[in-house]
Amino acid sequence: MKRIKLLLLLIITGTTLTSCVVTNDEFIDDAVSLNELISSYDLWYIDYHKTQGSGDVPFISKAFTVSFLSGRMYANNNIVDIGKTGNGLGISVGRYGVFNNVLETSHSLDGNYDFEVVQLSDNEIRIDYLLQNVSYYLVGYQVNNFDYDKLFYENIEYFLQEYIAWERTDAKGGTSNVFDKEHFLQFTPENDVTFYSSHDVFGTNIDNIKWDFIGGYEVADVRGYNDLKVLTLNYDSGDTEKFELSVINDETVSLYHLRSETTYTFSGRGFVQYLKEDKKRGAKQAVRNSGRKRTKIKRQTVQRRVLK
């Protein structure tokens with residue numbers, strides 16, 4: 001009788017343990033295995049602004065999306081050309097495996113990382129790297145329904161960094177003002193807040209641009225608008241210029257100058273591709289590549305100015 005009771009206890013316990021994995025009062029329904037779950041979406045968008053903890057996993061903090069398909073791991077480390085590179089998946093960055101609720105990854109450069117996975121909804125998971133006390137939130141999408149506009153505007157600071165220079169290619173309306181002299185802008189990974197500007201003549205080779213001015217910039221959300229930001233340039237000289245910023249495409253932005261009501265168009269020059277290696281790129285690009293990681297950006301939310 002004692003042996004039968006023990007057998008029943010083992011069966012009940014085993015059934016309980018395999019039905020769900022409990023972590024901090026959250027659970028993964030094992031009706032779908034972890035391997036099936038992570039491979040059922042083409043892309044996992046890394047919602048970096050939700051990141052928790054003090055640690056860092058380099059290949060995660062550099063990527064905007066990751067994909068897990070047939071043992072291979074892919075990542076989109078650039079916003080520019082996202083949706084095109086690797087048929088939308090990005091570049092191959094390593095391999096992965098699954099053991100129970102653990103995602104085992106082997107990145108080509110950064111090495112091995114094992115994540116505990118918690119399913120939060122049908123298409124959202126949290127991956128915990130316990131060795132460094134950091135948790136990342138990933139949202140699953142198919143390539144054909146991925147919200148590219150959301151990615152651009154949620155990560156606008158990083159989009160601006162993906163060109164060595166932004167050249168002014170058009171200006172319409174408004175009144176004459178000092179910003180008319182600014183022909184080139186540059187936004188760098190230096191603390192995600194540094195910009196440079198130049199008065200060099202249009203068409204100057206980007207390697208020969210003299211960056212005349214430096215300052216800090218900030219981006220604000222606009223209440224009620226998901227496709228508009230307010231960009232403020234604070235020059236070290238004391239001048240301040242403020243714009244409504246909108247993305248035209250992945251190489252063109254529109255800056256509406258709030259004071260003069262001039263609409264400037266800037267086009268990206270010198271695309272900086274953030275690959276897993278620094279081969280076959282110039283020294284300046286390689287330096288910029290090695291310095292960029294995503295950080296949690298906190299923005300103010302402002303009311304949109306009523307336009308005349």
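How much space lies in the largest pocket? The legends below take that question first and then turn to other parts of the chain.

This is a predicted model, in which local features need pLDDT of at least 70, side-chain atom pairs count only at pLDDT 80 or more, and totals for chains, interfaces and linings use all residues. Residues are numbered from 1 along each chain as its sequence is written, and side-chain values use heavy atoms, with hydrogens and water left out.

**View 1. The largest pocket holds about 320 Å³ of space.** Its lining has 22 residues, and E218, V219, A220, V230 and Q300 are the closest to the centre. A pocket is an open set of points on a 1 Å grid over the protein atoms alone, where a 1.4 Å probe fits, with protein on both sides within 12 Å along at least five of seven lines; a cavity is a set where the probe fits but cannot get out, and lining residues have an atom within 4 Å of a point. Grid points are joined across faces, edges and corners, and a volume is the space filled by probe spheres set on the points. Strand 15 (213–222), strand 16 (225–235) and strand 17 (240–249) each give two or more residues to the lining of the largest pocket. The largest share, four residues, comes from strand 15. Strands (E, at least two residues) and helices (H or I, at least four) are DSSP runs, numbered from the N terminus. By type, the lining has eight nonpolar, five polar and nine charged residues. Here Ala, Val, Leu, Ile, Met, Phe, Trp, Tyr, Cys and Pro count as nonpolar, Asp, Glu, Lys and Arg as charged, and the others, Gly among them, as polar.

**View 2. Strand 17 pairs with strand 16 and with strand 18 (residues 252–257).** Two strands pair if DSSP finds at least two bridges between them. Strand 16 and strand 17 run antiparallel and are joined by six bridges; V230 has E244 as its bridge partner in strand 17. Four residues lie between these two strands in a hairpin, and G238 in the turn has a positive phi of about 110 degrees. Strand 17 and strand 18 are also antiparallel, over six bridges, and their hairpin has two residues between the strands. In strand 18, S254 is the bridge partner of S246.

**View 3. F152, F159, Y163, W166 and F271 form one aromatic cluster.** Rings of Phe, Tyr and Trp (its six-membered ring) pair if their centres lie within 6.5 Å; planes under 30 degrees apart count as stacked, over 60 as edge-to-face and the rest as tilted. The whole structure has 20 aromatic pairs. One of them, Y163 with W166, is edge-to-face, at 5.0 Å centre to centre and 75 degrees between the planes. Both Y163 and W166 are buried, where buried means under 20% relative accessible area, exposed over 50% and partly exposed in between (1.4 Å probe, protein chains only).

**View 4. The second largest cavity has a volume of about 40 Å³.** Its lining consists of L160, W166, L185, F187, L231, L245, V253, L255 and F266. These divide into nine nonpolar, no polar and no charged residues. Strand 13 (184–187) and strand 18 each supply at least two of the lining residues.
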